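Hi there,

Here is the structure I promised to pass on to you. Have a look at it first, and then read my notes below.

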Amino acid sequence: MSAPVLELRGVTKTYSVKQGLFGKPKPLTAVNDVSLTLGRGEVLGLVGESGCGKSTLAKILLGLEAPTTGEVLVDGERVESTDRRKLARRIQPIFQDPYSSLNPRKSIEDIVSLPLRVHKVGDAASQNKAVRDILDIVGLPARVMQTYPNQMSGGQRQRVAIARALIMKPEIVICDEPTSALDVSVQSQILNLLGELRDEFGLTYLFISHDLAVVEHLASRVAVMYLGRIVEEATVGGLFDTPRHPYAQALLTSVLTPDPGQGVPDTQLGMEYPNPIAPPPGCHFHPRCPRAMVQCVQTAPRAVVSEDGHVECHLFDAERGLDTGAPLKPETAA
Ligand SMILES: Nc1ncnc2c1ncn2[C@@H]1O[C@H](COP(=O)(O)OP(=O)(O)OP(=O)(O)O)[C@@H](O)[C@H]1O
């Protein structure tokens, strides 16, 4: 990988959450000690179920939230969330829902030119030309400039959102579920467009999705997130060939189910997603893991690839080395 353009070092974000009217505030760790790097021009996929912390991570990268601990570096330089203006020129978002992320009372020209006006880039004439140019690049005719979001289809609106993100010529684009509100046929058009734009402008993407099949389309590497932690990071090929973490294995199985796009069905993992205010002890995944061992209640095992290519979870004992433990749920143990 080339020198990282974006780096997260041990980033944690904890919110204080009150449960009920008289409940005492409790800490909720939305992002837990996450370290990631993105090389220039790379597409890193970030996958995980709803509530695992993907959007919080995106907000930290966009300077919309400050990490509780840890740091974000752009081109090796530490970024403070107070540097939001500086960050906006380099990192731009594309959000999930083009219906709610575009102001319905503003014309497309106003929406797309807003970043230029906020950052006082050029005069009115050059801003108008920049809007025409970027609309052309994302495949929209100049005549849409005077129309409003409600006069457009979902795919056209997402093209507008992409144009707005790119008008500042950012280096990094945080795509937070950019296609999940769109029809399947439109999804692939938008994914293709994002791929073309990346090639043309050398963009770096963090591509967030709950759907591994969508990530596979664009990303070269994938990070799998569970309860705020990155549980596995691999190349797309590596993850699809030999997923190590049992959660990554479950995600992959869900890609092969006849109802793609729905994340991991609860039925497959046996229970609902845990409450991040009271995460399970030991390995956070153990209550849902079909291969959990008794010891997983205390400690997270390591995934080890055996000589025949099988992935097994092993406990690590300083004296005995790697060892398999006793199954927690004998009835499901393979
Ligand atoms: N401002 C906040 N205050 C308190 N808790 C929050 C806040 N923002 C997020 N959370 C909690 O942090 C956890 C992670 O949320 P986040 O939105 O980052 O997850 P996600 O993976 O992006 O989910 P989704 O795909 O549903 O948006 C959730 O339990 C959420 O309720």
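How far apart do the C-alpha centres of domain 1 and domain 2 lie? They lie 36 Å apart. Domain 1 covers residues 4–229 and domain 2 covers 280–334; these bounds come from an automatic or database domain assignment.

Two notes on reading the model. Residues are numbered from 1 along each chain as its sequence is written. This is a predicted model, in which local features need pLDDT of at least 70 and side-chain atom pairs count only at pLDDT 80 or more, while totals for chains, interfaces and linings use all residues.

Now to the ligand. A residue is near a molecule if its C-beta atom, placed from the backbone, lies within 6 Å of it. There are 14 residues around the ligand, and Tyr15, Ala30, Ser50, Ser55 and Thr56 come nearest. By class, the shell has six nonpolar residues (Ala, Val, Leu, Ile, Met, Phe, Trp, Tyr, Cys and Pro), one charged residue (Asp, Glu, Lys and Arg count here) and seven polar ones (the others, Gly among them). Strand E1 (4–18), strand E2 (25–39) and helix H1 (54–61) each supply at least two residues of that shell. Helices (H or I, at least four residues) and strands (E, at least two) are DSSP runs, numbered from the N terminus.

H1 gives the largest share of the shell, three residues. Leu87 sits in helix H2 (residues 84–90) and counts as buried because it has 21 C-beta neighbours inside 10 Å.

Finally, a helix pair. The axes of H5 (residues 154–166) and H6 (residues 184–201) come within 10 Å and cross at roughly 20 degrees. Axes are lines fitted to C-alpha atoms, for helices over the stretch in contact, and angles run from 0 to 180 degrees between N-to-C directions. H5 and H6 are therefore roughly parallel to each other (angles under 35 degrees; over 145 is roughly antiparallel, 65 to 115 roughly perpendicular and the rest oblique).

Enjoy exploring!

Key. A residue is buried if 20 or more other C-beta atoms lie within 10 Å of its own, exposed if 12 or fewer, and partly exposed in between; C-beta atoms are placed from the backbone.
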